Amino acid sequence: MRQPSPSNMTISAPQAGAEPAPDFTHVRDWIFDLDNTLYRADSGIFAQIDANMTSFVARLLGMERDAARLVQKQLYRDHGTTLAGLIAIHKIDPEPYLDFVHDIDLSGLAPDPMLNGAVARLPGRRFVFTNACRNHAARILEHLQIADLFDQVWDIRTIGFVPKPDPAAYHAAMAAGGIVPAQAAMFDDIARNLVVPHELGMTTVWLDCQSEWSRQGPEFPVASDTHIDHEIRELGPFLSSIGI
Ligand SMILES: [Mg+2]
């Protein structure tokens with residue numbers, strides 16, 4: 001390792017931890033995505049949902065899994081979610097799909113005391129905004145022991161089965177919550193889901209979970225740094241550090 005020269009040592013570099021805390025004092029409404037945001041992506045929970053989606057598509061279209069997965073990902077890219085694509089193209093009933101894909105084992109998921117404490121200290125109202133269904137959200141939030149910390153859950157039914165990142169989804173959610181965007185912050189692990197909230201005036205936080213889907217995508221709409229106010233790797237430590 002290179003040792004600092006005496007001259008370098010006299011130049012004061014910024015000290016770790018010396019940066020001011022991110023300023024969230026303007027935020028009164030806290031809006032969180034659910035899957036891979038309020039729990040870690042490496043918990044394997046969403047991987048189960050993803051695999052169930054592949055199984056559903058394979059069964060629906062009579063395909064092998066590899067081919068069905070390509071179809072599934074194309075639907076996701078083009079329609080925001082696999083479900084939205086299946087509704088638009090294959091006219092499926094969403095309810096059996098939602099039951100099927102969310103039939104998962106939560107034993108690998110554990111409450112995160114740091115995250116739970118950090119969410120509990122946020123002033124104002126707290127919301128969950130998910131493209132999944134409310135039954136799944138309720139089950140996850142109960143399992144994580146944070147269900148009581150949220151004022152409302154906006155799910156795919158709340159937004160009329162038109163998912164994030166479609167602008168209509170955000171307008172429906174904001175109407176449901178009476179949200180003033182300039183006083184709201186939104187947290188999501190999918191970068192493209194933060195484009196519209198940022199344009200509306202929300203403070204946006206991207207939880208980069210280093211996954212294939214997290215950085216998606218160039219397809220629609222383009223997620224760029226200009227739509228992300230804060231880029232983080234872990235939610236609990238970040239929420240514990242912000243100025244509120
Ligand atoms: Mg997510």
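Helices α3 and α4 are roughly perpendicular to each other, a label given to angles of 65 to 115 degrees. Helix α3 covers residues 65–79 and helix α4 residues 82–90; they pack at an angle of about 90°, with their axes 7 Å apart. The axes are lines fitted to C-alpha atoms over the stretch in contact, and angles run from 0 to 180 degrees between N-to-C directions. Helices here are DSSP runs of H or I with at least four residues, and strands are runs of E with at least two, numbered from the N terminus.

This is a predicted model: local features need pLDDT of at least 70, side-chain atom pairs count only at pLDDT 80 or more, and totals for chains, interfaces and linings use all residues. Residues are numbered from 1 along each chain as its sequence is written.

The helix contact involves Gln72, Leu75, Tyr76, Asp78 and His79 of α3, together with Thr82, Ala84, Gly85, Leu86 and Ala88 of α4. Contact requires C-beta atoms, placed from the backbone, to lie within 7 Å.

I turn now to the sheet. Six strands form an open, parallel sheet in the order β3-β2-β1-β4-β5-β6, where pairing requires at least two DSSP bridges. The twist averages 20° from one strand to the next. Strands β4 (184–188) and β5 (203–207) pair in the parallel sense over 4 bridges; Met186 has Thr204 of β5 as its bridge partner.

Finally, Ile31: leaving aside neighbours within four places in sequence, Ile31 is in contact with Phe127, Phe129, Ala184, Ala185 and Met186.

Definitions and conventions. Angles under 35 degrees count as roughly parallel, over 145 as roughly antiparallel, 65 to 115 as roughly perpendicular and the rest as oblique. Two residues are in contact if their C-beta atoms, placed from the backbone, lie within 7 Å.
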